[in-house]
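Hi,

Here is the structure I promised to pass on.

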Amino acid sequence: PVHRTAEVQAARMKLPILAEEQAIVEAINENPVVILAGETGSGKTTQVPQFLYEAGYAANGKIIGVTEPRRVAATSMANRVAEEMNLHDGQVGYQIRFEGNVKDNTRIKFMTDGVLLKASCFFKQIWEVQKDFLLNNYSVVIIDEAHERSVYSDILLGLLSRIVMLRQKRGNPLKLVIMSATLRVEDFTDNQRLFKTKPVVIQVEARQFPVSVHFNKRTAFEDYVEESYRKVCKIHRQLPDGGILVFLTGQQEVNALCRKLRQMFPGVKRTEKSKPTETATSKPEDIPIISDQEEDEDMEKVLAKIKTKQQNMKKRSRKEVDQQVKINLDHYSALPLQEQEQDHDDNLGDLMDSDEELDINDEQSEALSQSQTAPPLWVLPLYSLLPSYRQQKVFAPPPEGSRLCVVATNVAETSLTIPNVRYVVDTGRVKTKFFDKVTGVSAFHVTWTSQAAANQRAGRAGRTGPGHCYRLYSSAVFNDEFEKFSLPDIARRPIDDLVLQMKSMDIEKVIHFPFPTPPDIKQLYAAERRLLLLNALEPPPRNIRLKQSQEWTSKITPLGRAMAAYPLAPRYAKMLLLSQQHDLLQLTITLVSALSVQELVLDQPADSEPGNTHRRWLGQRRSWAGTGQSLFLGDPMVLLRAVGAAEYSGDIEAFCSTNGIRSKALREVRKLRVQLTNETNLIIPSGTASIVVDPRMAPPTELQAKLLRQILMAGLPDHVAKRIDPNEIKETEDRRKYKYAYRCPEMEDPVFLNPSSILRYSHPEWIVYQDIYEHDDKIYLRGITAIEP
Ligand code: ADP
Ligand code: MG
């Protein structure tokens, strides 16, 4: 039996999911797979594991497993559940990649989806080979936040769908529970490959109060952090009580906004010691971190003092606030999020008067803060890497007399529910990982989030009462530029890499894998073929003919396994591996980085200074390409030299503009070099000297150029092209059409050397290329290296 405190009991009773306990447990008892969809904050993550514990799923040493796509959710939910259940002896634990507190007696185990995936992949070819151990320690696995569609949880779902069937056959059933916010469960329910019989869906009805959504008339394109600052200031000064939740994209932005807000509405501690402006000037960079109990208590005492001081004033200002409400908050158009009737206790969103006079800049607002005594703002950051004791602060009520303002990344979208939020400020942005199409190098970029995600964010304002969501973008942008749903991560990842990663987890039948959202099967076949050519997979035995080979499932080779460790497209991973053997890592890393950035070297000089003619510039490019072995390296040599010379020049901007190099691209290349170097240092065998990023890297010697060419060829075995022999061309055809024409295996029609390729000078017979593109009905090759005749 579980002994919960009265306080916890009371908090639990308020959660909508508690009314469904019996229905949920029964559904899980009677069905192998249950989908549980419910609004964020309804209590899925914290309560369902407890229901199952009390229903006996942790009996006989069995484990209730819960996976989370985010580390922060795994740790913080484990702590919360332990707290609620009053179990502090390790029975509730967590395991994330490099950290955990799981013990032998752990009965409820929270983990990241990656951790469970690694565990289940010990069992090779799970859905086919007869193996004894199929997560046998677990009685139930809960895949939480399945709507996030992380690669790992998608693959886990595929694996578990098969494990569940096998365990059922053995009379030792494993239960699978898929929990998600209320969106797009059809990908799981209507996928016959994944689940032959449609899983049971339980919808947890949570009371969601109406949220009025207010769009900005104008979209803040660049300065959305600044815009969110202004918005929070206005809300805090003018609107009634209630927490504010701001969505930004990353830790730096979050900290910057917290700092600004704390300066504007200083914590009580500082008001006590000095006037806010003085504090602001004396310690501009200081982020006030209230890190321990003492300081918190301090804060409360001071607040109490202030409260008494302000008591009389407060009554008055309350009236003023009500009047101020009549001033429009911004250039909004109001639009209710749901069709529900709005039972507002206020009508903030409907006020459409102009508030130009309130569009104030920083200095003015400083002045304002001194004249208008706004109550203190209790500003808390929230992002994944924040230490967990600081994350926990968002769950506690703010000190009396102050308003809570949580500045968060999208961890607050569905992973963590912050109580008493009434105002959401949504920048509409999210940090997304993008993969370079050719090299597979990944980088994070800030983009628009999806409509579904924006609506989730808005919903955060309506958990405890009617709320407001202020979107810092226009409804036109929302309608025209936001995707309806975010793509599953698996669909964003380059396919060769996905196949290799899965093979490295010993999932051999990737082509027939029951993906929740399957990739195109033709692409999967093509990816396997490419991996075979790279020797990353074992070839089918000789006696299997080409047609049958489609049924052949290849195992990964040791080379393939090593390649899979690199965060790169397999062919570039192979190049790095090979260059490691020849001390060429620095050069190869620079090359791969340069290839991952679009248009590093422009086809035209950037400025049209007299004398800086196209011809002169091409000549320069030619001199960069060098002669002898260097020229065989061709276009990659131009890139290497461009990076090296620009970094060496001292005045990068000047050098770039006179040499037709995009300086922004160059900075990007430098960033990628650092990133790839760090990642490579983690992968290369210990004992090997670690590599450094040297901006003054010398260009390759003749021997190095020769080795680099071999490395490029090894990575591009399927990207070989041969010059079209003039004798091949029919008499009737116009020979000029075949200038720079090549044949390659991928295309029936001839392909052409890119107009800015340095190899137009030598026009070699055999070449390898990075990629193919189409322009004006002609197909061109790019990134060309000559193969020695
Ligand atoms: P769901 O998974 O359905 O989104 P949760 O189980 O995460 O819901 O949250 C249920 C409730 O528990 C929310 O009101 C949330 O604020 C509260 N809660 C979660 N973690 C904590 C915590 N560490 N301290 C206090 N309350 C918490
Ligand atoms: Mg949850």
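**The sheet and what packs on it**

Strand β3 (residues 92–96) and β4 run antiparallel and are joined by two bridges. Helices (H or I, at least four residues) and strands (E, at least two) are DSSP runs, numbered from the N terminus. In that pair, Q95 has G100 of β4 as its bridge partner.

Before going further, a word on the source: this is a predicted model, where local features need pLDDT of at least 70 and side-chain atom pairs count only at pLDDT 80 or more, while totals for chains, interfaces and linings use all residues. Residues are numbered from 1 along each chain as its sequence is written, with chains lettered from A and ligands numbered from 1 in the order in which they are written.

Zooming out, the open sheet has eight strands in the order β4-β3-β5-β2-β6-β7-β1-β8, with mixed pairing (two strands pair if DSSP finds at least two bridges between them). Its edge strands, each pairing on one side only, are β4 (99–100) and β8 (200–204).

Two helices to look at here: α2 (residues 21–30) packs on the sheet and touches β1 (33–38), β7 (175–180) and β8, its direction making about 165° with that of β8. α4 also packs on the sheet, touching β2 (63–68), β3 and β5 (108–112), at about 170° to the direction of β3. Contact here means C-beta atoms, placed from the backbone, within 7 Å; axes are lines fitted to C-alpha atoms, for helices over the stretch in contact, and angles run from 0 to 180 degrees between N-to-C directions.

**Ligand 1**

There are 16 residues around ligand 1, and K44, T45, T46, R80 and F395 come nearest (near is a C-beta atom, placed from the backbone, within 6 Å of the molecule). Two or more shell residues come from each of α3 (44–54) and α4 (71–85), and α3 gives the largest share, four residues. By type, the shell has three nonpolar, eleven polar and two charged residues (Ala, Val, Leu, Ile, Met, Phe, Trp, Tyr, Cys and Pro count as nonpolar, Asp, Glu, Lys and Arg as charged, and the others, Gly among them, as polar).

**One loop residue**

E148 sits in the loop between β6 (138–143) and α6 (151–169). E148 counts as buried because 23 C-beta neighbours lie inside 10 Å (the cut-off is 20 or more other C-beta atoms within 10 Å). Leaving out residues up to four places away in sequence, E148 touches P69 and S153.

Cheers

Key: A residue is buried if 20 or more other C-beta atoms lie within 10 Å of its own, exposed if 12 or fewer, and partly exposed in between; C-beta atoms are placed from the backbone.
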